[in-house]
Amino acid sequence: MRSTARGEGRRLAARHRNIELGLLVLAVAVCLAGHIDASLALTGSMPKGLLVHGLSLGALVAAAHLAVRRFAPYADPLILPIGVFLTGFGLMLLDRLDFSYKAAHAAKGDYQKLPAAPSQFMWVFISVAAALALIVFVKHHRFFQRYVYVLMAGALILLAAPVFSPTDSFGAKRWIKLPGLPSFEPDEFVKVAITIFFAGYLMANRDALALAGRKVWGMTLPRGRHAGPVLAIWAVSLLVLIFERDLGTSLIFFGLFIVMLYVATERTSWVVLGVIMAVGGATVVGTLEPHVHGRVEAWLHPLDYYKPVHDPAISEQPAEALFSLGTGHMTGTGLGSGRPWLIGFAGRSDFIFTTIGEELGLAGVTAVLLVYVLLIQRGLRTAIGLTDPFGKLLATGLSAALALQIFVVVGGVSGLVPLTGKALPFLAAGGSSLLANWLMIALLIKLSDSSGRTAMEPAPPSPEPVLAQAGPADRSAATAPTAPTAPGPGAGPGAGPGTDPGADPAAPSPTLGGLADPGAPTELRPAFGRTPATPQPGGPQPDGPRPSYGYPPVADQPTHGYGLPSQSPFPPNPTGT
């Protein structure tokens, strides 16, 4: 039966890989069709280099699929195709914007005439190669659990590095620029490292953080010593907001910790406390920090830019983004038929979202957001299927980080929240963002592989129960055959074979082969208490096992959520009985 179940699980895993292959082919075909449509609208001819682009992208996708089929055969069949589709769709949008920027800025001679798509295509190969290396060489996601504090230390160093940069870009210090090397955005990698750290930290301290505290206004607040980590994370996020003027990273950083803290403890008070702290800190910094204050003013009054006298901190981009989104109406102007290039550096920032809204309309925006939601849902579904707490929290954190970044970017462009300047995942130009997001895809693939393996492969059979406190001699006696006892002369018709009416009723029944009562503690049915005390001659006799709560943790033992192990935590019987 077990081999049959395992074979059925492998057939289901192979079917998932075939579904993944079909979705990958569909994703590449849709992206290439977008290239053709945009080029026909812009130039009236087929795009140059389409065959080379299609073959290169197809070869890269085939290599990714083969790596997943070999090293993560039980992974979710939707995660990789979604990542490929969003990446290819972003390349198509960048190529379309490059054509317009080249024509509009050729006379100006500024940097916007330089194409962004070729560099992004190079980063696609680097990012997918890094993701495949993680899938191939990291055998299990618990590998990262050993280095949570090392990752956190490195993340804090990277997070603080832009503060020492002598210049800023577009009002924020978010990039590290080294001589002779391309600039990179460290907060994108910090997002992944901090998620891993939060998962390890909360797994180890969830019981302390879940303890009840004092009630204030009907709400149970955590104890002071347990609120320390939240206060520390809050302080770090405010420091990032003050010294780097990076509103998006600060919101994602603190919001991620609150979401994972709520998932680990299931206490609403943490969410309420986090929202109060986030709003309070953002209000103070937004009032005192000029750059952040200008972002808030542009959010509240985007059309004030066109007044003869207005706040110089208000830029024209929020108003232009609203005009672009409004132009698209329901179905858009069509790829290549709009004018999204009127927004400065739209292809190199979060304003690439306005290109979707203008040329694909509300229908295209809804479709792209639903693809993002589907990716987040697959990550949360993976978290539900995992059996170890670290994996659950890691999958939840990665999904939450992606959701928070999409929210602050789309909300900023559409006027729901102030602009943050963060890159839209997979779509906007930027090697750092693309590499970090593909590492998240690789982690979700490994996590979903563990979840699928647990669901599709049967568990090994459990050993037969034996006496929990019996010694080797007793176990040998328990396994020895016992001759049946003939019924005595006083045995009535209701007496079964092997019963002796004169025997002690408290003695073990011979029909059980010398075993104790079936309700007694066994290795598979442990008593929830300490080992009964050994009777001392002349001393008081123990009444039975004293209660204790739970049994000790077992390394590398799958558990159901945060509860008991899925198998017995006791070692198997050495005699094989």
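The model is predicted, so local features need pLDDT of at least 70 and side-chain atom pairs count only at pLDDT 80 or more, while totals for chains, interfaces and linings use all residues. Residues are numbered from 1 along each chain as its sequence is written, and side-chain values use heavy atoms, with hydrogens and water left out.

The protein chain has 15 helices and two strands. Of the 577 residues, 43% count as buried. Buried means under 20% relative accessible area, exposed means over 50%, and partly exposed lies in between (1.4 Å probe, protein chains only). The chain exposes about 28,700 Å². Carbon and sulfur atoms supply 67% of that area. Accessible areas come from the Shrake-Rupley method with a 1.4 Å probe, and for residues only the protein chains shown count as cover. Among contacts with a separation of 6 or more, 71% are between residues 24 or more positions apart. A contact means heavy atoms within 4.5 Å.

The largest nonpolar core holds 112 residues. Such a core is a set of buried Ala, Val, Leu, Ile, Met, Phe, Trp, Tyr and Cys residues joined through side-chain atoms within 4.5 Å. Phe89, Phe198, Leu202, Leu424, Trp438 and Ile445 touch the most other members. Leaving aside residues up to four places away in sequence, Leu202 touches Leu209, Phe257, Met260, Leu261, Ala264 and Leu393.

A nonpolar patch also occurs on the surface, formed by Phe143, Tyr147 and Val150. Together these residues have about 280 Å² of accessible area. Patches are made of residues with over 30% relative accessible area and no salt bridge; like charges are joined within 9 Å, and nonpolar side chains (Val, Leu, Ile, Met, Phe, Trp, Tyr) within 5 Å. Phe143 is found in the loop between α4 (117–137) and α5 (148–160). With a relative accessible area of 33%, Phe143 is partly exposed.

Side chains of opposite charge can pair when their charged atoms come close. The structure holds nine salt bridges. Each is a side-chain nitrogen of Lys or Arg within 4 Å of a carboxyl oxygen of Asp or Glu. One of them joins Glu20 to Arg17, with the closest N and O atoms 3.0 Å apart. Both residues lie in helix α1 (residues 2–43), three residues apart, about one turn of the helix.

His65 is found in helix α2 (residues 50–71). Its relative accessible area is 5%, so His65 counts as buried. Beyond four places in sequence, His65 touches Arg17, Glu20, Leu21, Leu24 and Leu80.

Arg453 and Asp449 meet in another salt bridge (3.3 Å, N to O). Both lie in helix α14 (residues 431–456), four residues apart, about one turn of the helix. Arg453 is partly exposed at 32% relative accessible area, whereas Asp449 is buried at 5%. Asp304 pairs with Lys307, the closest N and O atoms being 3.3 Å apart. Lys307 is partly exposed, at 45% relative accessibility. Asp187, Glu188, Lys191 and Lys422 are linked in a network of salt bridges.

Gly336 sits in the loop between α11 (317–328) and α12 (352–385). Gly336 is buried, with a relative accessible area of 9%. Excluding residues up to four places away, Gly336 touches Ala38, Ala41, Leu42, Arg96 and Glu359.

Pro418 lies in the loop between α13 (389–414) and α14. Pro418 is buried, with a relative accessible area of 14%. With residues up to four places away not counted, Pro418 touches Leu247, Arg295, Val296, Trp299 and Gly412.
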